[in-house]
Amino acid sequence: MSKKTYQVELDSANTARAYTANSNISLKYATEICREIKGKPISKASKFLERILLHEDFLPLRQYNKKVAHRKGESKSGVKAGRFPVKPCKAFITLLESVKANADFKGMDAENLLVIHTFASQGYRKNSFQSKGKIAGKRRKRMSTHIEIIVREAK
């Protein structure tokens, strides 16, 4: 079973939306990325995520920053603590491309899109087994994350 509803209901005539369910990424990094890209144009958000992938820029961690080292240079979003999460950035880039394609299908200008809503929530837990040990392996829970993005054409 997967996620079927959005967190927010908006007028669907001038908005486009996309979500991914049970993505194998960290919920903590996903919420931090959601906070960073909300309110930005899609082009700036995807460039920001690509700079994180290339380790040119860091993802500022405002909420989940326990035992996280500071990064050199200027602070971003009021914090210097940050990391370079690769898997969440790749998932968000593909989701941004998907919502851009959805907006293009609706006839919206793909260059003028603003991210107005992002949300990440906990997905389903999958069982996996660690095969080490003399008698039996350990059972572990794999986490997953639901992500949703809604964009609107800027005026």
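**Entry 1: a word to settle before looking**

I call two residues in contact when heavy atoms of theirs lie within 4.5 Å. I also remind myself that this is a predicted model.

**Entry 2: the whole chain**

I started with the overall layout. The chain holds 3 helices and 7 strands, and from the N terminus on I read the elements as β-α-α-β-β-α-β-β-β-β. The C-alpha trace spans about 65 × 45 × 25 Å along its principal axes. Of the 155 residues, 36% are buried. I then looked at contacts between residues at least 6 apart in sequence, and found that 67% of them join residues at least 24 apart.

**Entry 3: helix α3**

How far apart are the end C-alpha atoms of helix α3? I worked out what to expect first: at 1.5 Å a residue, the 20 residues of α3 (residues 86-105) should span 28 Å. The end C-alpha atoms are 29 Å apart, so the two values agree.

Next I asked which residues of α3 are buried. My list reads Pro88, Cys89, Ala91, Phe92, Ile93, Leu95, Leu96, Val99 and Ala103.

Just after α3 I noted Gly107, which takes a positive phi of about 90 degrees.

**Entry 4: where α1 meets α3**

The axes of α1 and α3 come within 10 Å and cross at roughly 50 degrees. An angle between 35 and 65 degrees counts as oblique, and the two helices are therefore oblique to each other. Their crossing is right-handed. On the α1 side, the contact is made by Tyr29, Ala30, Ile33, Cys34 and Ile37, and on the α3 side by Pro88, Cys89 and Phe92. I sorted these residues by type and got 8 nonpolar, no polar and no charged.

Is Ile150 buried or exposed? Its relative accessibility is 2%, so Ile150 counts as buried. Leaving aside neighbours within four places in sequence, Ile150 is in contact with Tyr6, Val8, Leu10, Thr15, Ala16, Arg17, Leu114, Val115, Ile116 and His117. I also checked Ala110, 40 residues from Ile150 along the chain: their C-alpha atoms are separated by 13 Å.

Technical notes: Residues are numbered from 1 along each chain as its sequence is written. This is a predicted model: local features need pLDDT of at least 70, side-chain atom pairs count only at pLDDT 80 or more; totals for chains, interfaces and linings use all residues. Side-chain values use heavy atoms; hydrogens and water are left out. Helices (H or I, at least four residues) and strands (E, at least two) are DSSP runs, numbered from the N terminus. The expected span of a helix is 1.5 Å times one less than its number of residues. Buried means under 20% relative accessible area, exposed over 50%, partly exposed in between (1.4 Å probe, protein chains only). Axes are lines fitted to C-alpha atoms, for helices over the stretch in contact, and angles run from 0 to 180 degrees between N-to-C directions. Angles under 35 degrees count as roughly parallel, over 145 as roughly antiparallel, 65 to 115 as roughly perpendicular and the rest as oblique. A crossing is left-handed if the near helix is turned anticlockwise from the far one by less than a right angle, and right-handed if clockwise. Ala, Val, Leu, Ile, Met, Phe, Trp, Tyr, Cys and Pro count as nonpolar, Asp, Glu, Lys and Arg as charged, and the others, Gly among them, as polar.
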